[in-house]
Amino acid sequence: MLNVSSFAGSEAIRPQASAPGKAADRFYLRELDGIRFLAFGLVWLHHYPPAPLRLLKDIKMSGWIGVDVFLVLSSFLITSLLLVEFDTKGGISLSRFYSRRFLRIWPLLGLALFLNYVVLPASHYVPAEFQARAMWHDIRFHGIPNLLLLGNWSVAAFGYLRYGYIDQLWTINLEEQFYLLWPILLLFLAPYPSRLLFSCAGLILISYVARIYYIEVRFPHPALWVSTITRLDPLALGGILAVLYRRRKSVPLTRAKQWRNTAGAALVFCVVLAAVCLLLRSWDWTHDRAIWWKLGLVDVGITILIACFLASSILSAMLRLAPIAWLGKISYGLYVYHKFFAQSRFAMEIRMLMHDVVDSRAVFIFWLLGMALNGTLLIGVSALSYYGYERWFLKLKERFEVILSRPA
């Protein structure tokens with residue numbers, strides 16, 4: 001472990017030593033799991049066949065923001081853990097960090113690729129449009145990039161995957177590229193909060209400029225949406241939120257001020273949520289040249305909404321409920337497997353089964369029942385994956401934890 005406390009000047013946050021493994025070293029906020037599940041819910045609606053209600057259709061069209069919620073939340077949590085590690089241990093262990101990321105991401109990512117390109121074609125239980133040519137196209141242009149966690153760049157260059165149900169994995173690739181360099185930056189900037197904030201602002205500026213360039217050069221969709229350099233701002237905003245949260249936790253609040261903060265957070269939450277919804281009503285990925293700043297504004301709104309959850313015990317109360325937090329706990333599996341239960345032939349047959357059971361005139365009812373059954377099966381598969389496969393790697397991951405997080 002490289003100790004960087006010697007770089008600390010007058011503005012440095014001085015680390016306080018503590019024995020490894022003590023409960024005080026744990027950083028876990030249950031409401032974060034609840035927010036994860038909300039983010040997944042948006043993505044699930046975005047990829048599920050449209051509902052016959054206007055409101056749900058609007059939510060479906062805007063469900064892509066669930067990806068940005070994941071990005072902001074992931075950056076907030078990982079940055080917070082690294083800052084707590086610096087504060088308590090006096091440095092950041094890069095080898096332990098990369099070991100943790102590998103054990104958390106790679107096992108399920110590798111399993112998803114195996115299921116999609118080995119098990120799925122072997123089962124012959126795929127839609128007719130999934131021809132062998134589409135599979136070999138994906139393996140040729142996307143296989144190695146996904147194995148190397150560069151799959152978002154292959155999507156930017158060659159378009160979304162054509163075979164199976166894993167084209168959402170580009171988001172995981174993008175995150176891991178960011179986390180390859182982020183802890184190195186924190187290693188030197190953790191003692192200087194203001195410099196860290198300026199660095200995050202610089203990353204946001206880079207992403208804005210990159211989006212302008214992509215628009216001017218007319219890169220086709222989804223290049224602007226999936227390229228790492230154009231999507232740095234939600235990750236940087238998560239870092240800013242972690243720095244501000246770190247400062248807030250060091251300032252004791254009276255009970256009266258806590259209540260005032262909670263009420264203010266609830267008010268801000270409502271206003272920002274309404275503003276984000278209005279901004280999303282006329283969203284156009286392919287023709288709106290103002291997308292470069294509108295996307296950034298949505299990410300700022302998402303960050304403020306997450307901050308409100310963290311500041312308001314009222315807003316976060318439901319997210320802390322055990323069932324919601326548990327669903328957030330298995331959200332990685334929910335995200336990886338969800339297209340198998342939203343778009344596959346199997347999912348379609350379940351929807352048709354509900355159509356036969358319910359009066360065909362009750363369109364919303366059989367759509368809702370089909371979604372409920374598909375969602376229940378998805379939760380079951382994700383839970384089985386978590387406890388029967390992922391958890392083994394998570395237990396191994398705990399050996400590399402410096403600051404304890406959520407128990408596996």
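In the predicted model, 0 disulfides are present. Cys270 takes part in no disulfide, and the cysteine sulfur nearest to Cys270 belongs to Cys308, at 8.8 Å. A disulfide would require the two sulfur atoms to lie within 2.5 Å. Another cysteine, Cys277, has a relative accessibility of 42% and therefore counts as partly exposed, a class that falls between the buried limit of 20% and the exposed limit of 50%.

Helix H1 spans residues 30-47 and helix H2 spans residues 54-62. The two helices pack with their axes 7 Å apart, at an angle of about 105°. H1 is therefore roughly perpendicular to H2, since angles of 65 to 115 degrees are assigned to that class. On the H1 side, the contact is formed by Leu42, Leu45, His46 and His47; on the H2 side, Ile59, Lys60 and Met61 take part. Sorted by class, the residues of this contact comprise 4 nonpolar, 2 polar and 1 charged.

When neighbours within four places in sequence are set aside, the contacts of Arg36 are with Phe70, Leu73, Leu77, Gly328, Ser331 and Arg406.

Note on methods: Residues are numbered from 1 along each chain as its sequence is written. This is a predicted model: local features need pLDDT of at least 70, side-chain atom pairs count only at pLDDT 80 or more; totals for chains, interfaces and linings use all residues. Side-chain values use heavy atoms; hydrogens and water are left out. Buried means under 20% relative accessible area, exposed over 50%, partly exposed in between (1.4 Å probe, protein chains only). Axes are lines fitted to C-alpha atoms, for helices over the stretch in contact, and angles run from 0 to 180 degrees between N-to-C directions. Helices (H or I, at least four residues) and strands (E, at least two) are DSSP runs, numbered from the N terminus. Angles under 35 degrees count as roughly parallel, over 145 as roughly antiparallel, 65 to 115 as roughly perpendicular and the rest as oblique. Contact means heavy atoms within 4.5 Å. Ala, Val, Leu, Ile, Met, Phe, Trp, Tyr, Cys and Pro count as nonpolar, Asp, Glu, Lys and Arg as charged, and the others, Gly among them, as polar.
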